[in-house]
Amino acid sequence: MDASAQRPPSKKDVFRVVSGNFLEMYDFMVYGFYAAAVAKAVFPNDNEYVSLMLSLATFGIGFLMRPLGAIVLGAYIDRHGRRAGLVMSLAIMSIGVALIAFTPTYASIGIAAPILVLIGRLLQGFSAGAESGGVSVYLSEIATPGNRGFYVSWQSASQQVAVVFAAIIGVSLRGFLSEEQMLAWGWRIPFLIGCLIIPVLFWIRRSMQESADFAHRAKHRRATLGEIYRSLLQNWAIVLRAVLLVTLTSVFFYMITAYTPTYARQVLGLSAHDSFVVTVCVGIANFIWVPVMGAVSDRVGRLPVLLTFSVLIGLTAYPVMAWLVSDPSFGRLLAALMWMSFLYGGYQGVMVVTLTEIMPAEVRATGFSLAYSLAQAIFGGFTPAVCTYLIHETGNRAMPGLWLACAALFSIVGTLTLYRNADIARRGTAAVTPA
C-alpha cells in the first residue's frame with residue numbers, strides 16, 4: 001500500500017475520493033429541491049407557511065449533527081486514516097438516504113413519519129460532518145507541489161455535479177409527471193435513485209489508497225484520541241476564525257442551489273421548470289469556476305482571492321437581488337444567479353484549500369471538519385428557513401441578499417484575522433510556491 005500511495009496521483013485517485021462527496025450533496029440538494037412536497041407528505045398542516053417551515057427546519061436540523069460528526073468521525077479519520085474514515089461516513093450516510101426514501105406519509109403512519117425523516121436527516125448530518133473535511137484533507141495530501149488549490153477544489157466541484165444531476169432529474173420529472181403526482185409520490189424518485197447508486201459508490205470508495213502523508217506519519221507514530229482532542233482545544237482560535245470563512249460559503253451555496261427552486265416558485269412566481277433549469281446552469285457554472293479559481297490561487301496566493309471575492313459579494317448581493325425582484329423573470333433569475341455563481345466559485349475555490357493549510361497536521365481532518373460543520377450548523381443549513389422567515393416578516397423579497405452580505409462581512413473579518421498570524425501566512429505562501 002505504501003508503494004502505491006507514493007506514486008503520483010491520477011484522475012482515478014481524485015474520482016475515488018470525491019464519489020461519496022457526490023452522494024452527500026446530491027441527497028441534501030434533493031431534500032432542498034422538494035421541501036414543499038416533503039412538507040405536504042410528511043408535515044401536513046392547514047397553514048402552508050407553517051408546513052414549509054417545518055420541512056425547511058428539518059433540512060436545517062440535519063446540520064446540527066454535523067459538529068458532533070466532525071468531532072467523532074473527524075478524530076477517527078485523523079487516527080485511523082482517511083480511507084477508513086471516509087468509508088465509514090459513506091455507510092452512515094447511506095442509512096439516512098434510505099430512511100427518507102422509504103418513510104410512509106403522515107396520513108399512513110402519523111407522527112412516526114416526521115420522526116423517521118428527522119432521524120434520517122440527523123444521520124446524514126452526522127456523516128456529512130466529516131465527509132467534506134476528510135475529502136478535502138485527502139486531496140490536499142495527494143496534491144502535486146504548487147497545485148494544492150486546484151486539487152482540493154475538486155471536493156467542491158464534485159458537489160456541483162451532484163447539484164446538476166439532482167436538478168436534471170427535477171426537470172425530467174416535471175416534464176413527465178403532473179403536480180398532483182409529484183406531491184403524491186414523484187418526490188420519492190430522486191431519493192430512490194440515490195439509494196440505487198449507493199452500492200456503486202461503496203465499491204469505488206473502497207478501492208481508495210491511503211494518502212502517503214498520513215501513512216508516513218502513522219508509520220512512525222499514530223496520535224491517540226486524547227492527543228487529537230487536546231490539540232484541537234489548543235488550536236481553538238484557528239478553528240473559530242475558520243468558521244467565519246466557512247460561513248460565507250455555507251450561506252451562499254445553499255442560497256443559490258437548494259433554496260433556488262423554492263424561492264423561484266413561491267416568492268417570484270416562476271415555474272418549477274424555469275427554476276430547475278436555472279439551478280442546472282448554476283451547478284455547471286460552479287463546476288467551472290471553482291477549479292479555475294483554485295488554480296488561480298495557486299499562482300497569486302490565497303489572501304488576495306479571498307478578500308477580493310468577499311468584498312464583491314458584500315457589495316453586490318443586495319443590489320442584485322433587488323434588481324431581480326423588481327421585475328421577476330426567467331432571464332433575470334438566470335443573469336442574477338450566473339453573477340452569484342461566479343462570485344461563489346471564486347470564493348469557494350480558494351476557501352477550502354485555505355482550511356486544509358491553516359490546520360495543524362495532527363488535527364487536520366478534525367479541525368477542518370469542525371470549522372466547516374459549525375458554520376453549516378449555525379448559518380448554512382438554516383439559510384432557506386432564514387430567508388423564508390425574513391421575506392415573510394418584512395415583505396421584502398430581496399432580503400436573502402442582505403443575509404448574504406452579512407455573511408460576506410464575517411468572511412472579511414475571518415480572513416484578515418487569520419492572515420495576521422505569521423505562521424499561517426507562511427503556510428499559505430509555501431503552499432503556492434512550486435517545489
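Modeller: Let's start with a definition: two rings of Phe, Tyr or Trp (its six-membered ring) count as a pair if their centres lie within 6.5 Å. One thing to keep in mind is that this is a predicted model.

Biologist: Okay! How many aromatic pairs does a search of the whole structure find?

Modeller: The search finds 17 aromatic pairs. Take Phe 22 and Tyr 26: their ring centres are 6.1 Å apart and the planes are at 10°, so this pair is stacked.

Biologist: Where do Phe 22 and Tyr 26 lie?

Modeller: Both are in helix H2, which covers residues 11-33. They are four residues apart, about one turn of the helix. In general, an α-helix has 3.6 residues a turn, so residues three or four places apart point the same way.

Biologist: And are Phe 22 and Tyr 26 buried or exposed?

Modeller: Phe 22 and Tyr 26 are both buried. For contrast in ring geometry, look at Phe 253 and Tyr 254: this aromatic pair is edge-to-face, with 5.2 Å centre to centre and 85° between the planes. Phe 253 and Tyr 254 are buried too.

Biologist: Which residues do ring pairs link into a cluster?

Modeller: The cluster is made of Phe 150, Tyr 151, Trp 154 and Phe 287.

Biologist: Let me pick Trp 289. What is its relative accessible area?

Modeller: Trp 289, which lies in helix H16, has a relative accessible area of 30%, so it counts as partly exposed.

Biologist: Let me zoom out. How many helices and strands are in the chain?

Modeller: The chain has 22 helices and zero strands. It has 435 residues, and 59% of them count as buried. The chain exposes about 16100 Å², with carbon and sulfur atoms supplying 69% of that.

Biologist: What share of the contacts comes from residues 24 or more positions apart?

Modeller: Such residues account for 84% of the contacts with a separation of 6 or more.

Biologist: New topic: salt bridges. How many are there?

Modeller: The count comes to eight. One of them joins Glu 141 and Arg 364, whose closest N and O atoms are 2.9 Å apart. Glu 141 lies in helix H8 (residues 112-142) and Arg 364 in helix H19 (residues 364-380), so this pair ties together parts that are 223 residues apart in sequence.

Biologist: Are Glu 141 and Arg 364 buried or exposed?

Modeller: Glu 141 and Arg 364 are both buried. Another bridge links Glu 357 and Arg 302, with the closest N and O atoms 2.7 Å apart. Here Glu 357 belongs to helix H18 (residues 330-358) and Arg 302 to helix H17 (residues 302-326), so the pair ties together parts that are 55 residues apart in sequence. Glu 357 and Arg 302 are buried as well.

Biologist: Which residues do salt bridges that share partners join into one network?

Modeller: The network joins Asp 78, Arg 82, Glu 141 and Arg 364. Within it, Arg 82 forms a salt bridge with Asp 78, and their closest N and O atoms are 3.0 Å apart. Both Arg 82 and Asp 78 are buried.

Biologist: Back to helices, then. How far apart are the end C-alpha atoms of H5?

Modeller: Helix H5 has 15 residues (66-80), and at 1.5 Å a residue it should span 21 Å; its end C-alpha atoms are 20 Å apart, which agrees. H5 is followed by Gly 81, whose phi is positive, near 120°.

Biologist: What follows H20?

Modeller: H20 is followed by Gly 395, and its phi is positive, near 75°. The twelve residues of H20 (383-394) should span 16 Å, and the end C-alpha atoms are 16 Å apart, which agrees.

Biologist: Last one: which residues does Gln 376 touch?

Modeller: Leaving out residues up to four places away in sequence, Gln 376 touches Phe 63, Arg 66, Ser 250, Tyr 254 and Gly 381. Gln 376 is in helix H19, and at 4% relative accessibility it counts as buried.

Key. Residues numbered from 1 in each chain as written. Predicted model: local features only at pLDDT ≥ 70, side-chain atom pairs only at ≥ 80, totals over all residues. Heavy atoms only, no water. Helix = DSSP H or I, 4+ residues; strand = E, 2+ residues; numbered from the N terminus. Expected span 1.5 Å × (residues − 1). Buried < 20%, exposed > 50% of the residue type's maximum accessible area, 1.4 Å probe, protein only. Contact = heavy atoms within 4.5 Å. Areas by Shrake-Rupley, 256 points an atom, 1.4 Å probe, with all protein chains shown as cover. Phe/Tyr/Trp six-rings, centres within 6.5 Å; stacked < 30°, edge-to-face > 60°. Salt bridge = Lys/Arg side-chain N within 4 Å of Asp/Glu carboxyl O.
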